[in-house]
Amino acid sequence: MKKTVDVSIPLGPVHPCWKEPVRIKCETAGERVLRTEVELGYMKKGIERIMRGRPWQEVMFLAERVCGICSVVHNMVFIETMEEISAITVPPRAAYLRVIANELDRIASHLIANFSYCYTIEHETLAMYILNTRETVLDNLERLTGSRINTAYMIPGGVRFDLLPEDAAAMLADLAKVEEEMKRHVRIFETGPLIALRSRGIGVMTREEAVLAHTVGPTARASGVPDCDLRLRHPTYQALGFKQVTRTEGDNFARIMVRFQEVFQSIDLIRRCIETLPEGPIRGGGFCKAGETSYSGEAPRGELTYYVKTDEYGRVVDIAIRTPSIMNIEACAHSMIKDVTSIADVTSTFISSDPCIACNER
């Protein structure tokens, strides 16, 4: 029997709460949303096509521009893919410096995701507090790499710059400040009655639904999916004693709280890296060779996979990128938004999954 639809409501592609253009078509019965469809295609960039036939030195810079918010991990995963093809080893000091850069980038990404959510549910005060804290994090990313966004920090066999002792001390001081500010932000989020009304029990996705939709990253971990953080399999993170953050509620509140918890975890990882930073070189050398492989790393939004094929000169013959938002946006449309009790919750639920349209439409 055909369902009765009272009205079809389009949200976007231009929406004050969207960071990027996307359209969500909602079919409703009264206020209840029966089903949704996400419509992409408003900002196609064609970066994968541009990468083909170019030397790895150029592709490295293009990879960062797939997504400006998580540019460091795109640089890192592409470089580690090239290292796997070419059997290039990384000195221990460089491996720890990579973790510092990656975790600073993760903090910055999680903070802008949670800023967007708070702004969407109209808690603008907390949103501005979070965005201000993010500035300190970006300042430290610049202290390490020389840039706040597109850093080009990783190269095959190592990193570009070392961390000086005075910069390490300044970074630790700033991280202590960020940690104190984050405790206040989390306390506001956990105890705010407005936030609870707009977040708890809204956009619920069960563990079974998350697994079925191949959901990744904090979105999956908020629904209790075990062992889905690829940092568990990365040798440097294993040496640092990394453990996955997991919650079980599967709602908007849980997804934001997982990101808050991972911010504290990232701060702890950076501290451990600085305190136990090995002595030695930051570059091991090596040449990029012909080969073909697929390699995955844990981006702030989840599993990021690069398939790369190169020739004997280090040119990228073929490349394909699978970003985490591909799976998460589909899971959001078919599991989280479905059957929400108010059209007003569609926007906040969509933002809670931290969608990246730039990644999707690379």
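Biologist: What share of the contacts in the chain with a separation of 6 or more comes from residues 24 or more positions apart?

Modeller: In this predicted model, residues 24 or more positions apart account for 69% of those contacts, a contact being counted when heavy atoms lie within 4.5 Å.

Biologist: What makes up the secondary structure, and why is the chain called as compact as a globular protein of its length?

Modeller: The chain has 14 helices and eight strands. Its radius of gyration is 21 Å, and the globule rule gives 21 Å for 362 residues, so the chain is as compact as a globular protein of that length. Along the principal axes, the C-alpha trace spans about 65 × 45 × 35 Å.

Biologist: How much of the chain is buried, and what does its accessible surface come to?

Modeller: Of the 362 residues, 58% are buried, the cut-off being a relative accessible area under 20%. The accessible surface comes to about 14,600 Å², and 54% of that surface belongs to carbon and sulfur atoms.

Biologist: What makes a group of residues a nonpolar core, and which residues have the most contacts inside the largest one?

Modeller: Such a core is a set of buried nonpolar residues joined through side-chain atoms within 4.5 Å, and the largest in this chain has 105 residues, with Phe78, Ile100, Phe189 and Tyr306 having the most contacts inside it. Helix α4, residues 92–120, gives the most to this core, with 14 residues. As a general background, nonpolar side chains tend to be buried together in soluble globular proteins. Leaving aside its neighbours within four places in sequence, Ile100 is in contact with Leu144, Leu163, Met171, Ile270, Cys273 and Ile274.

Biologist: Why is Thr133 called buried, and what does it touch?

Modeller: Thr133 lies in helix α5, residues 124–145, and its relative accessibility is 0%; buried means under 20%, so Thr133 counts as buried. Not counting residues up to four places away in sequence, Thr133 touches Leu111, Val178, Glu181, Met182 and His185.

Biologist: Why is Val14 called exposed?

Modeller: The relative accessibility of Val14 is 79%, and exposed means over 50%, so Val14 counts as exposed. Val14 lies in the loop between β1 (7–11) and β2 (23–29). From C-alpha to C-alpha, Val14 and Arg322 are 25 Å apart in space, while in sequence they are 308 residues apart.

Biologist: How do you know whether Ala87 and Ala152 are buried or exposed?

Modeller: Ala87 has a relative accessible area of 68%, and exposed means over 50%, so Ala87 is exposed. Ala152 has a relative accessible area of 5%, and buried means under 20%, so Ala152 is buried. Ala87 is found in the loop between α3 (71–86) and α4, and Ala152 in the loop between α5 and β4 (154–155). Although Ala87 is not a glycine, it has a positive phi of about 55°; phi of Ala152 is also positive, near 50°, again in a residue other than glycine.

Biologist: What makes helix α13 mostly covered?

Modeller: Helix α13 spans residues 344–352, and eight of its nine residues are buried; these are Asp345, Val346, Thr347, Ser348, Thr349, Phe350, Ile351 and Ser352. After α13 comes Asp354, whose phi is positive, near 55°.

Biologist: How many charged side chains does the chain have, and how far apart are the centres of the two sets?

Modeller: There are 44 positive and 48 negative side chains, and the centres of the two sets lie 2 Å apart.

Methods:
Residues numbered from 1 in each chain as written. Predicted model: local features only at pLDDT ≥ 70, side-chain atom pairs only at ≥ 80, totals over all residues. Heavy atoms only, no water. Helix = DSSP H or I, 4+ residues; strand = E, 2+ residues; numbered from the N terminus. Rg over C-alpha atoms; globule rule 2.2 N^0.38 Å. Buried < 20%, exposed > 50% of the residue type's maximum accessible area, 1.4 Å probe, protein only. Areas by Shrake-Rupley, 256 points an atom, 1.4 Å probe, with all protein chains shown as cover. Lys, Arg positive; Asp, Glu negative; His and termini not counted. Charge placed at Lys NZ, Arg CZ, Asp CG, Glu CD.
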